[in-house]
Amino acid sequence: MPDWRSGRTGLLVDMDGVLFHGERALPGAADFLSWLLRRPHRFVTNNPIRSPAEVVAHFRALGLPEPDVGAIITTAQATATWLADQQPGFRYFAIGAGDLHAALSAVGREDAAHADFVVVGEGPGLDYESLSIAINLVLKQGARLVSTNPDANVDAMVDGVHRVLPGGGALVAAVAVATGVQPTVIGKPNPLLFRLALASLGLQPGQCIMVGDRPDTDIAGALALGMRTALVRTGRFGVADALPESVHPDWDVADLAALIAAWKVSTDRPS
Ligand SMILES: [Mg+2]
């Protein structure tokens with residue numbers, strides 16, 4: 001095998017369940033980051049709620065080495081970029097919380113009466129009124145339905161207590177059922193988020209490794225594009241869980257500390 005560690009191999013890295021769990025950094029995260037941040041890299045997350053700046057602040061709060069804000073690609077950012085590419089100056093109606101609205105308004109124009117796209121993200125925002133507006137835009141005006149991410153549900157810490165919250169896939173399902181229209185989905189395992197991250201690095205899939213904690217999204221999506229993959233079993237998928245039959249990561253390890261050991265990379269901090 002060529003020594004990819006000294007070449008221009010890039011890395012795409014998921015964050016939740018890989019680097020940290022809520023307010024807790026995972027084993028090997030600091031050492032892994034000290035190595036990673038000196039190589040071509042992007043952080044890719046299906047979570048459209050936190051802005052890239054907020055994600056960097058989270059690294060800081062956990063005492064982890066901080067990436068550049070431009071290295072963070074959320075599905076809010078990816079959705080906005082994709083829509084601007086589809087239709088410059090697009091009009092949209094968005095349902096969801098957090099950074100989604102800021103990301104869309106930076107490149108498009110909110111217009112609940114004449115939207116070209118109905119965008120469903122995550123977090124609070126879906127209610128009877130917003131659902132009705134979305135349905136009418138899709139059925140009567142031909143607006144295209146877009147979902148930031150397909151997750152059925154997501155883990156969260158609310159006031160120090162673990163809660164399972166509805167994911168983007170659950171929220172957009174209401175619009176899909178009411179209209180009979182399936183959404184275009186940006187996040188993993190679909191290729192659009194990966195492709196955007198690869199394009200921003202100027203690399204082809206074969207030149208990149210995806211590091212993630214979910215076989216069904218991080219690993220399956222990256223494999224489908226022809227990337228190499230590393231599974232860390234620090235997320236929902238534990239050391240005792242059996243892989244889906246079609247998913248074969250190139251590296252399958254307990255945590256980032258084990259991945260560093262398997263890759264034999266130097267984690268010396270830059271002086
Ligand atoms: Mg994850």
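Helices (H or I, at least four residues) and strands (E, at least two) are taken as DSSP runs and numbered from the N terminus. Residues are numbered from 1 along each chain as its sequence is written. The model is predicted: local features need pLDDT of at least 70 and side-chain atom pairs count only at pLDDT 80 or more, while totals for chains, interfaces and linings use all residues.

The protein is divided into domain 1 (4-46 + 189-263) and domain 2 (86-185), with bounds that come from an automatic or database domain assignment. The centres of the two domains, taken over C-alpha atoms, are separated by 27 Å. Four residues of domain 1 are in contact with four residues of domain 2, where contact requires that the C-beta atoms of two residues, placed from the backbone, lie within 7 Å. Pro189 is found in the loop between β12 (184-185) and α7. The peptide bond that leads from Lys188 to Pro189 is cis, with omega near 10°.

An open sheet of six strands has the order β5-β4-β1-β13-β14-β15, with parallel pairing; two strands pair if DSSP finds at least two bridges between them. The edges are held by β5 (72-74) and β15 (251-253), each with a single partner strand, so one side of each is left without a neighbour in the sheet. From one strand to the next the twist averages 20°. Within this sheet, β13 (residues 208-212) and β14 (residues 228-232) pair in the parallel sense over four bridges, and Met210 has Thr229 of β14 as its bridge partner. Helix α7 (residues 191-201) lies across β1 (10-13), β4 (41-45), β5 and β13, and runs at about 160° to β4. Helix α9 (residues 256-263) packs on the sheet and touches β14 and β15, its direction making about 135° with that of β15. In the segment after α9 lies Lys264, which has a positive phi of about 55° although it is not a glycine.

Burial was assigned from C-beta atoms placed from the backbone: a residue is buried if 20 or more others lie within 10 Å of its own, exposed if 12 or fewer, and partly exposed in between. With 7 C-beta neighbours inside 10 Å, Lys264 counts as exposed.

Helix α6 (residues 168-179) has twelve residues and reaches 17 Å from its first C-alpha to its last, close to the 16 Å expected at 1.5 Å a residue; the expected span is 1.5 Å times one less than the number of residues. Gly168, Gly169, Leu171, Val172 and Val175 are the buried residues of α6. Seen down the axis, these buried residues fall within an arc of 160°, so they line one face of α6; the arc is that of the directions from the helix axis to the C-beta atoms. Their packing partners are β8 (117-120), α5 (128-141), β9 (144-147) and β11 (161-166). Gly180 follows α6 and has a positive phi, near 75°.

In helix α2 (residues 52-61), Pro52, Val55, Val56 and Phe59 are buried. These residues cover an arc of only 100° around the axis, which puts them on the same side of α2. Ala53, Arg60 and Ala61 are exposed on the other side of α2. The buried residues of α2 pack against β5 and α3 (75-86).

Strand β10 (residues 153-158) is joined to β11 by six bridges, and the two run antiparallel. Ala156 stands opposite Arg163 in β11. β11 is hardly covered, the count of buried residues among its six residues being zero. The hairpin of β10 and β11 has two residues between the strands. Asp159, in the loop between β10 and β11, has a positive phi of about 55° although it is not a glycine. Asp159 is exposed, with 5 other C-beta atoms within 10 Å.

Asp111 is found in the loop between β7 (109-110) and β8. With 13 C-beta neighbours inside 10 Å, Asp111 counts as partly exposed. The C-alpha atoms of Asp111 and Gln77, 34 residues apart along the chain, are separated by 19 Å.

Key:
Axes fitted to C-alpha atoms, helices over the stretch in contact; angles between N-to-C directions.
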